[in-house]
Amino acid sequence: MAKSSSEARSQTAQTTDERSGDPVIDIQDMTKTFDGGEIIACEDINLEIYQEDFVVLLGPSGCGKTTTLRCISGLEIPTEGTILISGVDMTGVKPKNRNLAFVFQSVALFPHMNVRRNIRFGLDMTSDLTKDEKNERVEEVAKILGIEGMLDRDTSELSGGQQQRVSLGRAMVMEPEAFLLDEPFSALDANLRKTMQTEVKELQRRLETPMVFVTHDQEEAMSIGDKIVVMNEGHIQQVGSPYQIFNEPLTRFVARFIGSPTVNMFDGVVTNSSGETQFECDRFTVPVDGEGSAELAADQDVTLGVRPQYIFQADEGEGVMTGEVALVEPQDDRDTVVVDVDGTNVRTVVPQGTMSAGERVELDFGRNEFWLFDRDGDRIY
Ligand SMILES: Nc1ncnc2c1ncn2[C@@H]1O[C@H](COP(=O)(O)OP(=O)(O)OP(=O)(O)O)[C@@H](O)[C@H]1O
Ligand SMILES: [Mg+2]
């Protein structure tokens with residue numbers, strides 16, 4: 001049975017059924033086009049974001065992540081559909097009245113104002129708090145972010161990571177309904193980025209305020225998101241936990257976009273003879289006998305996908321493929337290995353030092369550890 005976008009939505013429903021309360025942000029059938037409909041930035045977006053959610057919008061460049069975020073914030077007006085915040089329809093509500101905090105990729109601080117005034121900036125613009133109350137809030141937030149010792153320094157004297165903390169602080173003092181973050185760490189070096197990812201995740205747990213975090217980096221998404229929204233060409237492909245999207249991708253796109261090294265794909269055909277269903281391609285034939293295999297129509301073109309993590313070296317004469325090790329890339333305590341199987345690169349992940357370049361190896365994979373996708377890229381098994 002093909003898993004369509006409506007099924008992608010029902011997976012969201014399953015995830016959210018267990019949750020309490022109403023969504024903080026509820027996007028219903030939203031479409032945003034530009035240039036009089038010529039450019040469809042995002043289409044038919046349905047997404048519920050709850051109080052405890054750390055949501056990541058993930059997808060390649062141009063898939064509509066920023067547009068979706070800007071529609072939530074009110075910086076863009078949806079062409080169709082509705083956005084509710086805390087149950088209230090936001091149509092016609094200005095960005096500043098939505099009580100959301102937006103953190104951008106490029107840090108937009110005032111370089112010649114000190115950290116304190118930068119953090120307080122939004123409060124000065126909108127709130128009725130006294131000066132003491134504002135300063136108290138600024139100091140509290142600075143303490144949480146570990147920049148309390150820098151309040152009187154100019155932001156131009158800060159490192160990239162410190163500046164990004166100031167941006168977060170500016171958002172936090174507003175005590176918003178939700179945080180919207182658009183690739184906030186992409187300008188930071190790899191180590192600092194890791195640190196900031198951990199910090200922002202801890203922050204979200206502590207503040208118990210939903211975060212919607214945009215990234216095109218699947219590793220970043222997997223490490224910080226509780227709920228990952230995979231987008232492609234303006235559409236939501238799947239909404240799920242990191243485990244769901246890694247282990248149970250609903251589409252070929254999700255299987256390919258998620259996971260490192262990239263999933264192995266083999267084009268072939270489903271065959272059925274005397275009740276035995278098989279997948280056949282020019283490299284190998286394997287039985288397909290798990291749940292749902294009986295419903296697979298025979299003689300249809302399919303693509304078999306198997307993660308490199310599930311491909312292993314087989315004993316002599318027992319593998320489904322034989323090839324020559326072309327490349328070994330060390331990765332912590334494992335090696336990513338590319339094996340040339342008659343001109344097809346097959347990727348596998350093995351314990352350190354198990355395979356070496358030039359060696360001939362036999363490969364196999366678990367019979368319950370692959371998926372089949374139909375011609376349209378929907379998963380059918
Ligand atoms: N103001 C605009 N006018 C015209 N087209 C736009 C506008 N904003 C976005 N688009 C188009 O809409 C599509 C989605 O853009 P968007 O910025 O949402 O992508 P994105 O997923 O954030 O990409 P990136 O990862 O590169 O930031 C793109 O094709 C883009 O060119
Ligand atoms: Mg963007």
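This is a predicted model: local features need pLDDT of at least 70, side-chain atom pairs count only at pLDDT 80 or more; totals for chains, interfaces and linings use all residues.
Helices, of at least four residues, and strands, of at least two, are taken here as DSSP runs and are numbered from the N terminus.

## Domain layout

The domain assignment of the chain gives domain 1, made up of 5-99 + 176-257, and domain 2, which covers 264-373. Taken by their C-alpha centres, domain 1 and domain 2 lie 33 Å apart.

## Packing of helix 4 and helix 5

Two packed helices are described by the angle between their axes and by the distance between those axes. Helix 4 (residues 131-145) packs with helix 5 (residues 160-172) at an angle of about 135°, and their axes are 10 Å apart. Because angles of over 145 degrees count as roughly antiparallel and those of 65 to 115 as roughly perpendicular, helix 4 and helix 5 are oblique to each other.

The crossing of helix 4 and helix 5 is right-handed. From helix 4, Val141, Ala142 and Leu145 make the contact, and from helix 5 the residues are Arg165, Leu168, Gly169 and Met172. The residues of this contact of helix 4 with helix 5 divide into five nonpolar, one polar and one charged.

Note on methods:
Residues are numbered from 1 along each chain as its sequence is written. Chains are lettered from A and ligands numbered from 1 in the order in which they are written. Domain bounds come from an automatic or database domain assignment. Axes are lines fitted to C-alpha atoms, for helices over the stretch in contact, and angles run from 0 to 180 degrees between N-to-C directions. Angles under 35 degrees count as roughly parallel, over 145 as roughly antiparallel, 65 to 115 as roughly perpendicular and the rest as oblique. A crossing is left-handed if the near helix is turned anticlockwise from the far one by less than a right angle, and right-handed if clockwise. Two residues are in contact if their C-beta atoms, placed from the backbone, lie within 7 Å. Ala, Val, Leu, Ile, Met, Phe, Trp, Tyr, Cys and Pro count as nonpolar, Asp, Glu, Lys and Arg as charged, and the others, Gly among them, as polar.
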